[in-house]
Amino acid sequence: MRPAIEVKGLQKKYKDQVVLEEVSLGVKPGEVYALTGPNGAGKTTLIRCMTGLAFPTGGEVTILGRDVHTDGPRARANLGAVVEAPAKFYPQFTGSQNLSMHAQLAAMAPGPGGSGGKPKRVSRDRVREVLALLELTRMAERPVGQYSLGQRQRLGVAAAILAEPKVLILDEPTSGLDPLGIGLIHRIVTGLATSGCAVILSTHHLREIATYAHTVGILTGGRMVDSVDLRARQAAYRFRVDDPLGAVQTLSALPFVKKASARTPYAIAHIGGEARVPDALAHLSAAGIRVFEASPDHFDLYEYYRERVEQH
Amino acid sequence: MLTLIMLEFRKLFGARSARLAALICVLLPWIWPLAPRLKAVYNLVIVSGWQVPTLSLITITQFLLPLLVALTCAEMIGTEISQGTLAPLILRPINRSRIIVAKLITALIYPALLLAILFLASLVAGLRFGFGDFSGGTGLGPGLFVGVGQLSSSEAFGQVLRSFLLDALALMPIAALSLLYAVAFLNTAAAALATLATIQIMNMLVVFPEALQKILITTYLDLYSRQGDLTQPIILMVIYTVGFSLLAVFAFEKRDL
């Protein structure tokens with residue numbers, strides 16, 4: 001499947017300072033891509049380049065095949081983004097007025113849109129719908145100046161999803177939110193991804209995103225040092241056995257096992273899902289291997305991240 | 001495009017500097033009808049309501065109005081940067097050039113708006129002197145305030161309107177310059193300061209050859225009071241306005257935000 005957003009060899013220099021160096025990534029429709037890295041790694045610059053706010057020194061960014069920097073309006077017709085935390089709005093206007101203004105601007109997209117269709121008109125009902133979705137109906141007619149940090153952040157997400165984008169980019173979307181607000185954003189992001197939207201979010205909350213991101217990109221020193229496919233990692237199960245090496249040999253021979261390795265006292269196997277666990281246990285037992293425990297082998301993203309960042 | 005221009009005007013009317021400027025334009029004309037020492041200081045006695053707009057225009061144009069225009073136009077970008085509201089605007093599927101052109105149009109109309117407020121407030125302030133035919137001058141035509149005999153109210157209105165329109169034109173390059181500096185510095189204070197410094201430096205260039213003075217904006221800040229053929233200064237003002245505007249559009253198109 002072709003990526004909805006693709007970054008190729010992106011470079012950004014400020015005078016002699018290299019901020020981004022040959023950064024490449026691609027996010028497919030329905031994928032949630034989490035961008036992480038230490039402070040000053042270049043995440044914000046990367047997001048600014050991806051959204052067309054900043055111009056790269058080299059490389060290119062395309063959204064649904066359209067270059068963000070040379071064909072900006074058409075590329076951004078499919079983009080929803082919050083590039084600052086908390087999201088910024090005109091404080092003198094109400095939340096509803098701010099969103100209506102965004103709706104009017106979204107309707108100014110040059111036709112045909114990036115997907116080949118006409119630019120969408122965003123109705124008042126849609127404005128009300130996103131306000132309700134982000135639990136802001138009660139605050140809708142109040143000036144944004146009176147909003148709390150978390151309410152502004154939620155309004156930012158409301159503005160980003162207003163025109164039903166095919167690519168959503170969020171910088172620290174859960175910053176300043178309470179646990180319920182964080183849960184709400186997770187549900188919205190997951191829901192959008194399920195409906196085919198490609199989502200990129202930058203975050204420091206690794207354990208939080210490990211539960212719903214599909215891929216994690218680790219950016220440090222302006223370079224993308226790793227890209228972790230969490231789906232592959234989370235399909236692994238571990239078996240505490242009396243003979244880990246023998247268990248690995250047995251498991252490797254099974255057709256549904258993609259990969260098996262030993263981590264004494266465990267044998268780790270990528271078996272493709274929970275339904276295969278009884279089969280794996282039966283085969284281990286048949287091979288004379290005693291199994292004391294079987295459980296999902298949770299990938300510790302935080303530990304992995306720490307190791308990767310320390311290496312660079 | 002109209003949506004963007006309307007949005008810019010909504011923001012303009014909400015800007016503190018614009019409200020303050022409007023308040024100044026409303027209050028300033030009241031100084032003259034109420035000034036007890038006008039004759040002692042300026043040897044002037046107001047004989048017609050048509051003279052009040054002139055007095056207001058003369059006092060506000062040389063310094064205060066360029067200052068107010070420079071500040072508000074700089075704020076049109078500077079405040080958006082400090083509030084962080086420019087980025088969400090640019091993230092929408094609109095050409096950057098349309099955004100800056102909408103701001104330019106608003107900035108270029110802004111001096112005319114202030115002058116319209118000043119004009120209306122001056123008319124209200126001059127009501128007690130009447131607006132009929134009178135013997136004397138508006139201060140903006142032949143013979144200045146003394147005049148050259150009887151002046152009809154329609155002639156007086158024509159002279160005052162012409163001067164206000166010329167002044168609005170003379171302030172356009174300043175508005176465009178301020179917006180250009182705002183795009184360059186992305187900061188209200190720096191842009192306003194740079195605009196005022198440019199005006200002051202141009203004012204100082206009176207000591208340079210006359211040929212240079214002829215092409216300076218500041219030479220024509222008194223355009224409203226000039227008589228005769230004004231084609232050359234008007235063309236120059238338009239060239240400056242268009243030039244600064246194009247530079248602002250070009251700079252904004254390629255600016256990291």
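Q: Why are helix 2 of chain B and helix 8 of chain B called roughly parallel to each other?
A: In this predicted model, the axes of helix 2 (residues 16–27) and helix 8 (residues 96–125) of chain B cross at roughly 25°. Angles under 35 degrees count as roughly parallel. The two helices are therefore roughly parallel to each other. Their axes come within 7 Å, and helix 2 of chain B passes helix 8 of chain B in a right-handed crossing.

Q: Which residues in helix 2 of chain B meet helix 8 of chain B?
A: B:Ala21, B:Ala22, B:Cys25 and B:Val26 do, facing B:Leu114, B:Ile117, B:Leu118 and B:Ala121.

Q: What makes B:Ala176 stand out in the largest nonpolar core?
A: That core has 157 residues, and B:Ala176 is one of those with the most contacts inside it. Helix 9 (residues 153–185) of chain B gives the most to this core, with 18 residues. Leaving out residues up to four places away in sequence, B:Ala176 touches B:Leu104, B:Ala107, B:Leu108, B:Thr241, B:Phe244, B:Ser245 and B:Ala248. Contact here takes C-beta atoms within 7 Å.

Q: How many residues of chain A are in contact with chain B, and what classes are they?
A: 24 residues of chain A are in contact with 18 residues of chain B. Helix 3 of chain A gives the most to its side, with 5 residues. That side has 17 nonpolar, 4 polar and 3 charged residues.

Technical notes: Residues are numbered from 1 along each chain as its sequence is written. Chains are lettered from A and ligands numbered from 1 in the order in which they are written. This is a predicted model: local features need pLDDT of at least 70, side-chain atom pairs count only at pLDDT 80 or more; totals for chains, interfaces and linings use all residues. Axes are lines fitted to C-alpha atoms, for helices over the stretch in contact, and angles run from 0 to 180 degrees between N-to-C directions. Helices (H or I, at least four residues) and strands (E, at least two) are DSSP runs, numbered from the N terminus. Angles under 35 degrees count as roughly parallel, over 145 as roughly antiparallel, 65 to 115 as roughly perpendicular and the rest as oblique. A crossing is left-handed if the near helix is turned anticlockwise from the far one by less than a right angle, and right-handed if clockwise. Two residues are in contact if their C-beta atoms, placed from the backbone, lie within 7 Å. A nonpolar core is a set of buried Ala, Val, Leu, Ile, Met, Phe, Trp, Tyr and Cys residues joined through C-beta atoms within 7 Å. A residue is buried if 20 or more other C-beta atoms lie within 10 Å of its own, exposed if 12 or fewer, and partly exposed in between; C-beta atoms are placed from the backbone. Ala, Val, Leu, Ile, Met, Phe, Trp, Tyr, Cys and Pro count as nonpolar, Asp, Glu, Lys and Arg as charged, and the others, Gly among them, as polar.
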